[in-house]
Amino acid sequence: MRDPALAWDRLVLSSLTLLDAHDWSGSERVADVGSGGGLPGIPLKIALPGIHLTLVESDQKKAGFLRDAVSSLGLADVEVDSRRAEEIGRDPAHREAYDVVVTRAAAKAPVAAEYCMPLLRVGGLLLAQARSEDFRAAARALGQLGGRMRHEKSGVVVIGKGRPTPDAFPRRVGVPGKRPL
């Protein structure tokens, strides 16, 4: 039987590989899409207390857990948004408003790109804890959304946003998963 504490330690350490993938100023506006149990967003916030973090998690139970965790840890400048990524990506308060978007296995690469890219400002970065081959295969989708894969470092795929995401994206709730770009 595996030791749950060791598994948790590995997950937290894996979240911190994001620190090596980008030159952080420590005051970025960051969204964690598909935050689930708070990874990678919460460890990133603890390591970089000056960032402004939005945890995006549509599952209401998980979002409730995240609110409790943020409160228990006394984390400032953290918002939990329990809407779908497709809804948040169309909300003017969030659309193209983030310096960095992070994601860890939120969806397959073209779907994750459609969830995340509309949130990034032009010049911002998507840091995806995923296989680089998956995002290389999603190059067409990234291009449609204004992004381009830059490189992979420490298991993190780094995608830059070079132009605004067209207004047609993200498509309505459920469509990206059913018909990936």
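Where does S154 lie? Here is a friendly walk through the structure, starting from that residue.

1. S154 lies in the loop between strand 6 and strand 7. Please keep in mind throughout that this is a predicted model. The phi angle of S154 is near 55°, which is a positive value in a residue other than glycine. That deserves a second look, because most residues other than glycine have a negative phi. With a relative accessibility of 41%, S154 counts as partly exposed.

2. **The two strands on either side.** Strand 6 and strand 7 (residues 156-161) run antiparallel, and 6 bridges join them.

3. **S132 and its contacts.** S132 is found in helix 6 (residues 132-137). This serine is buried, with a relative accessible area of 8%. Which residues does S132 contact, leaving aside its neighbours within four places in sequence? They are M149, E152 and V157. S35, by comparison, is 97 residues from S132 in sequence and 20 Å from S132 in space, C-alpha to C-alpha.

4. Is helix 5 (residues 109-116) mostly covered or mostly open? Helix 5 is mostly covered, as 8 of its 8 residues are buried.

5. **K161 and E96.** A search of the whole structure finds 8 salt bridges. One to look at joins the side chains of K161 and E96, at 2.8 Å from N to O. K161 lies in strand 7 and E96 in the loop between helix 4 (85-88) and strand 4 (98-104), so this pair ties together parts that are 65 residues apart in sequence. K161 counts as buried, at 2% relative accessibility, while E96 counts as partly exposed, at 25%. E96 has something else to show you: its phi is near 50°, a positive value in a residue other than glycine.

6. The side chains of R83 and D81 meet in a salt bridge, with 2.9 Å from N to O. Is D81 buried or exposed? D81 is buried, with a relative accessible area of 7%, whereas R83 counts as partly exposed at 29%. D91 joins in too: D81, R83 and D91 are linked in a network of salt bridges.

7. **E133 and R131.** Another salt bridge is formed by E133 and R131, whose closest N and O atoms are 3.6 Å apart. Here E133 counts as partly exposed, at 45% relative accessibility. R131 counts as exposed because its relative accessibility is 51% and the cut-off for exposed is over 50%.

8. **Aromatic rings.** How many aromatic pairs does the structure hold? The count is 0. A ring does take part in another kind of arrangement, though: R29 lies over the face of Y98, at 4.4 Å from the ring centre.

9. **Cis peptide bonds.** Two proline sites are worth checking by eye. The peptide bond from L39 to P40 is cis, with omega near 5°, and P40 has its place in the loop between strand 1 (29-33) and helix 2 (41-47). The peptide bond from F169 to P170 is also cis, with omega near -5°. P170 lies in the loop between strand 7 and helix 8 (175-178). Why single these bonds out? Because most peptide bonds are trans.

Note on methods: Residues are numbered from 1 along each chain as its sequence is written. This is a predicted model: local features need pLDDT of at least 70, side-chain atom pairs count only at pLDDT 80 or more; totals for chains, interfaces and linings use all residues. Side-chain values use heavy atoms; hydrogens and water are left out. Buried means under 20% relative accessible area, exposed over 50%, partly exposed in between (1.4 Å probe, protein chains only). Helices (H or I, at least four residues) and strands (E, at least two) are DSSP runs, numbered from the N terminus. Two strands pair if DSSP finds at least two bridges between them. Rings of Phe, Tyr and Trp (its six-membered ring) pair if their centres lie within 6.5 Å; planes under 30 degrees apart count as stacked, over 60 as edge-to-face and the rest as tilted. A charge sits over a ring if NZ of Lys or CZ of Arg is within 6 Å of the ring centre and within 35 degrees of the ring normal. A salt bridge is a side-chain nitrogen of Lys or Arg within 4 Å of a carboxyl oxygen of Asp or Glu. Contact means heavy atoms within 4.5 Å.
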